[in-house]
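I opened this model to take notes on confidence, fold and ring contacts. My entries follow in the order I looked things up.

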Amino acid sequence: MSAPAANRPGTGVFSPTRAQIPQRTLRTDNWLKSPILIDLGFAAFVIYATARAFQQKNYYVAQYHYLTPFYSPCVSQGCTPEASHFWPQFLPDAWWLPYAALSLPFLLLFRLTCYYYRGAYYRTVWQSPTACAVAEPHAKYTGETRFPLIIQNTHRYFFYIAGIISVINTYDAIIAFHSDKTASGFGFGLGNLILLGNVIMLWVYTVSCHSCRHVTGGRLKHFSKHPVRYWIWTQVSKLNTRHKLYAWITLGTLMLTDFYVMAVSAGWFSDLRFVG
């Protein structure tokens, strides 16, 4: 019969074979700065995105065809028909169901299971550990072998879905260049730059993903026999070195794009137009 949990020897830094010191750590630098800033960044995005997802208004500028990525694809029966483009509106119109409920869960899961984000919130939210040479409050470590963390291994599948959603966002950015006010049907404003910049960064973040690196070059035993895949793998690997940077940039571009579309739609200010 196994001993009660309270009487079992600790593991890791709690192991009886480790040196026992009263201090949590002997580090003298400001090691709490990084996890605090990361937590504040995560909190800012989660609060803003949640509030906007359930606001269900000011998401589309019909005059310039601007659609925020937070509501794309807009498949709710409550969506403005023009904002849905050719997508069928099959989700019920309810206050508790975001207009983009079809895409938001997958985008959230893609980021939650992202290799960088895992390391970030493991350290900052779960404190496992908060920083190097700092004792964590957990007595044991099971890794990603049990529920719920075993779900992290589904990241590669959310990568495929994120790629599809990026295609949809690209379509939205292209449609926004259409203008009814010019003979050529072409329009161009500050909103177009913001939408285009956001979708470019979303692609960079998605393509720099570790799963993309595995898809392009994984399981190849002889790179010389697959020169095209090897070249793609090398380019993805270069982007992968800055995956953390792209992860944070895209959080910013998503909020900036949504805020700009919301502000123009609400009439807070007018879009700066260059053509049409």
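**Confidence.** Over residues 1–8 the pLDDT stays under 50. For that stretch I found 2 contacts beyond four places in sequence. Where pLDDT is low, predicted coordinates should not be read in detail. I then checked the whole protein. The average pLDDT is 88, and 93% of the residues score at least 70.

**Overall layout.** I counted 9 helices and 4 strands. Along the sequence I read the order α-β-β-α-α-α-α-β-α-α-α-α-β. I took the box along the principal axes: the C-alpha atoms fill roughly 80 × 50 × 40 Å. The protein has 276 residues, of which 41% count as buried. I also looked at sequence separation. Among contacts with a separation of 6 or more, 66% come from residues 24 or more positions apart.

**Helices α5 and α7.** How do α5 and α7 lie relative to each other? I looked up the angle, which is about 90 degrees, with the axes 9 Å apart. Roughly perpendicular covers 65 to 115 degrees, so α5 and α7 fall in that class. Helix α5 spans residues 155–175 and helix α7 spans residues 210–217. From α5, I noted His155, Arg156, Phe159 and Tyr160 at the contact. They meet Ser211, Cys212 and Val215 of α7.

**Aromatic pairs.** How many aromatic pairs does the structure hold? I got 25. Two α5 residues from the helix contact, Phe159 and Tyr160, turned up again here. Phe159 and Tyr160 form a tilted pair, 5.6 Å centre to centre, with 55 degrees between the planes. I checked their accessibility next. Phe159 is at 10% relative accessible area, so it is buried, the cut-off being under 20%. Tyr160 is at 45% and is partly exposed.

I looked up a second pair, Phe223 and Tyr230. This pair is tilted as well: 4.8 Å centre to centre and 45 degrees between the planes. Phe223 has a relative accessible area of 30%, which makes it partly exposed. Tyr230, at 36%, also counts as partly exposed.

**Cluster and charge.** Which residues form one aromatic cluster? I listed Phe42, Phe110, Tyr116, Tyr117, Tyr205 and Trp248. My last entry concerns Arg118 and Tyr115. The charged end of Arg118 sits over the ring of Tyr115. I noted 4.5 Å from that charged end to the ring centre.

Terms used
Residues numbered from 1 in each chain as written. Predicted model: local features only at pLDDT ≥ 70, side-chain atom pairs only at ≥ 80, totals over all residues. Heavy atoms only, no water. pLDDT = per-residue confidence, 0-100. Contact = heavy atoms within 4.5 Å. Phe/Tyr/Trp six-rings, centres within 6.5 Å; stacked < 30°, edge-to-face > 60°. Buried < 20%, exposed > 50% of the residue type's maximum accessible area, 1.4 Å probe, protein only. Lys NZ or Arg CZ within 6 Å of the ring centre and 35° of its normal. Axes fitted to C-alpha atoms, helices over the stretch in contact; angles between N-to-C directions. Parallel < 35°, antiparallel > 145°, perpendicular 65-115°, else oblique.
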